[in-house]
Amino acid sequence: MVEPAVDLTHGQHHDDHADHGPQGWLKYLWSTDHKVIAMQYMFTGMFMALVGGFMAYVFRMQLAFPGIDVPGFGMVSPGEYNALVTNHGTIMIFWVAMPVLLAAFGNYLIPLMVGADDMVFPKVNRLSFQVFFVSTIVILASLVVEGGGFAGAWTAYPPLSADSTYNLTPLGSTLWVIGVGLEFVAFLLGGINFITTLMNSRAPGMRAFDVPIVVWMIVVASILFMLSVGPLLAGAIMLIFDQTIGTGFFNPAMGGDPILWQHLFWFFGHPEVYVVLLPAMGVVIEIITTFARKKVFAYRTVIFTVVATGVLSFFVWAHHQFIAGIDPRMANIFTITTLLISVPIAELCFVYIATLYGGSITLNTPMLWALAFVATFLIGGVTGIFLGAAGADIYFHDTYFVLAHFHYTFFPIAIIGAFAAITYWFPKMFGKMMDDRLGKIHFWGTIIPFNMIFIPLFVLGMGGQHRRIYNYSHFPELALDWFQDMRVLATGSLLVMLAFQSVFFYNWYKTIRHGPKAPKNPWKANSLEWTTESPPPHGNWRPDEMPVVYRGPYEYSTPDREDDYWPQNEPSPRGSA
Amino acid sequence: MTAGARIIPFRPRPRRPEKMMSNGVLGMLLAVFVEVMLFAGFISGFLIVKARAVGSVWPPPDQPRLPFERTAVNTSFLIVSGIVLLIAHRAYQRGNKSVGPALLVATVLGAAFVAMQGVEWVALLREGLTLTSSLYGSLFYTIIGAHAVHAVIAIGLLGWAWLRLQSGRLPREHLSVVALFWYFVVLIWPFLYFQVYL
Ligand code: HEM
Ligand SMILES: [Cu+2]
């Protein structure tokens, strides 16, 4: 693979500053620089994205051509199929969306954007990645242990997840829980750093409303994560005891309650969707303001909206359980809260459109990704409203409609948002300008097949196709010809999309090798990270050049100024506007 | 100036703002929030199981009773330890360096709490209350055990702080961080005690 070579050079860049630590690769693993830790998170996340993508390829092949000998994998057994689906979901959410958007960009951007030389607790930060790294090994190991990987869906409902006489993966399912639990610990350590750094390490002059929105979003996401994950950790401990010691927390025969797990899981699970959504939303607004050359529409309203969304997100979780036998009166309440929460999210979409309105728009690769995010996420959000209405959800629950819904939310986040962020900050991170033409080819080669995968799945879902079924030819009413054609279309589009990712990696490789050097501020943007070298040195700025802030980050196209941007650190001429 | 133009007020060269809270204290507060939610998760599980108990009889009739009165003695040890630490902590903040004995008392009282809990666990295990004897036992050992793990970690930290203090290398902030964690362990205990033991 190409990327490790890249991050090695970055590590070397660091070596002259690091003091006598361990040597070579170990030294790299032992770095406390937030930029190095960000890279570690990013490359681990990208590697896991390839793993998760490969899994999708295998089970989509099985669905389109049941019983086929999948090239690169072989025949897929029903148990393997379930393990692939389960771990695909787990990996994409916990080992791709979170590490890349939250951890990698959170680590990279927060100190640079608030004008700090590093996180406030660099060693805790390093520990965070090390725990994450161990969790990665655990989850990968869980796939190959005896009995195979856990196959009880990423939501891990008991009794299937709790009792190995049902799931047949005694080792795999316990390792799965341990891996996910460790991953949570890693992000808790990271979150403490993010929040404390924003609170305590801002550059002189940076007031609360001078902080770039993406930083706010990442910090609010971290707060949501920290408030919601405790109960799930409690649940995970109980689940591990059920699995290994034989307690009965979730076993009705022993007085336990399987629905308890669902509550603990979704109390975390729904805030979690905002944990991954908010950083992506933040990335997108940074890109949109830069390339529309406009001030963000209603900065303060955005911040308040995000906080309100965060609060509301704790009161919608039971919309995942409408069919689980919860009290219908409770279903009513959760229908209302769920419909309510789509209001602030819709508002954010309008803010983005209002920011674009009347701007002078540059359609380069990062901007395309950002716009695609808004467009596709909108579809995801709108379909969520159908699911949030308890009456409609009785029909839609556990069908491919749900699956398509959350892929229209998660794909924009984890993939589109990540590509937007990478293409936008690449010059800063690696000091080279990416090839825009290759970037656009990659963009269209990803976005068109993406829609071609999931639009058919919406249709199938409305036709009644259930999720988590290994071979639809066993079900006559789901084995219709046109159903199968849709499945083949989806799988074919997936293959095209996966193939186009090579363009991205080639672009990366080519840029590092031959790309033009990036100036400090290639996009003429305002926030502080653009005021230092590309890539920034150890400590981010020279000690005597630490930035000082005079205004908010979105002063684009200010009247009466020659430049259409106004960096945050540039003193205002006395007496002028 | 054209209509609709935005006026950005002039700002003089800014200075570094005052911190609301030191880094360590803020970080520890955040960690404590997570811990509170962890215990909230356990307690909600406990309440649901309790609400579902057969015939609404709780605790289950065939299980040993928890020593409510004897644990009240333990509890008082813990509370006193917390108060002693609070006094020492505040004195140290005001610059009083001779808080070593008080810190030691708080630590020892905390350790006594854990030790007495341990003795009680042994007795309960003998009486037949185990992690798998019933959900009652599972919940008891999981919740109270989670608290005990936190207590042991906190006592270790207190001991460490005491050692640093002896050698005169304990920044005020560090004592605050450690003390904060101990306050959490102390304050959450009455909630667990009244929920689980009653
Ligand atoms: C705008 C508002 C949204 C609404 C109203 C909404 C509503 C819903 C509802 C009601 C369900 C349950 C459907 C069922 O299982 O029958 C659901 C499932 C799901 N949603 Fe959303 N959603 C929204 C946004 C999001 C976002 C932003 C994400 C992710 C980032 C997301 C990810 C998911 C996932 C992963 C599931 C399926 C979980 C599973 O069963 O495996 N949703 N959504
Ligand atoms: Cu939800």
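Reader: Which of the 195 residues in the largest nonpolar core touch the most other members?

Author: The residues that touch the most other members are A:Ala97, A:Val215, A:Val284 and A:Ala420. Residues are numbered from 1 along each chain as its sequence is written, while chains are lettered from A and ligands numbered from 1 in the order in which they are written. This is a predicted model, in which local features need pLDDT of at least 70 and side-chain atom pairs count only at pLDDT 80 or more, whereas totals for chains, interfaces and linings use all residues.

Reader: What makes a set of residues a nonpolar core?

Author: Its members must be buried Ala, Val, Leu, Ile, Met, Phe, Trp, Tyr or Cys residues, joined through C-beta atoms within 7 Å. A residue is called buried if 20 or more other C-beta atoms, placed from the backbone, lie within 10 Å of its own, exposed if there are 12 or fewer, and partly exposed in between.

Reader: Which residues does A:Val284 contact, beyond its neighbours within four places in sequence?

Author: Two residues are in contact if their C-beta atoms, placed from the backbone, lie within 7 Å. By that rule A:Val284 is in contact with A:Tyr352, A:Ala370, A:Phe373, A:Val374, A:Gly417 and A:Ala420. There is also a second, separate core of 28 residues, which includes B:Leu78, B:Ala151, B:Ala154 and B:Phe184.

Reader: How do you know whether A:Ser228 is buried or exposed?

Author: A:Ser228 has 25 other C-beta atoms within 10 Å, and it therefore counts as buried. Its place is in helix α8 (residues 213-244) of chain A. Not counting residues up to four places away in sequence, A:Ser228 touches A:Phe267, A:Phe268, A:Pro271, A:Glu272 and A:Phe314.

Reader: Why is A:Arg468 called partly exposed?

Author: A:Arg468 has 13 C-beta neighbours inside 10 Å, so it falls in the class called partly exposed. A:Arg468 sits in the loop between α15 (436-462) and α16 of chain A, and has a positive phi of about 60° although it is not a glycine. A:Ser557 also has a positive phi, near 50°, and is a residue other than glycine. With 17 other C-beta atoms within 10 Å, A:Ser557 is therefore partly exposed, and it lies in the segment after α16 of chain A.

Reader: What makes α7(A) largely enclosed by the rest of the structure?

Author: In α7(A), 22 of the 31 residues are buried, so this helix is largely enclosed by the rest of the structure.

Reader: Where does the shell around ligand 1 come from, and which element gives the most to it?

Author: A residue counts as near the ligand if its C-beta atom, placed from the backbone, lies within 6 Å of it. In all, 24 residues surround ligand 1, the closest being A:Val273, A:Gly384, A:Leu387, A:His397 and A:Phe406. The elements giving two or more residues to this shell are α9 (258-292), α11 (328-356), α12 (365-388), α13 (390-396) and α14 (400-430) of chain A. It is α14(A) that gives the most, with six residues.

Reader: How many residues of chain B are in contact with chain A, and what classes do they belong to?

Author: In chain B, 37 residues are in contact with 44 residues of chain A. Both α1 (23-51) and α4 (135-166) of chain B supply at least two residues of the side that touches chain A, and α1(B) gives the most, with 16 residues. The residues of that side divide into 21 nonpolar, nine polar and seven charged.

Note on methods
Helix = DSSP H or I, 4+ residues; strand = E, 2+ residues; numbered from the N terminus. Nonpolar A, V, L, I, M, F, W, Y, C, P; charged D, E, K, R; others polar.
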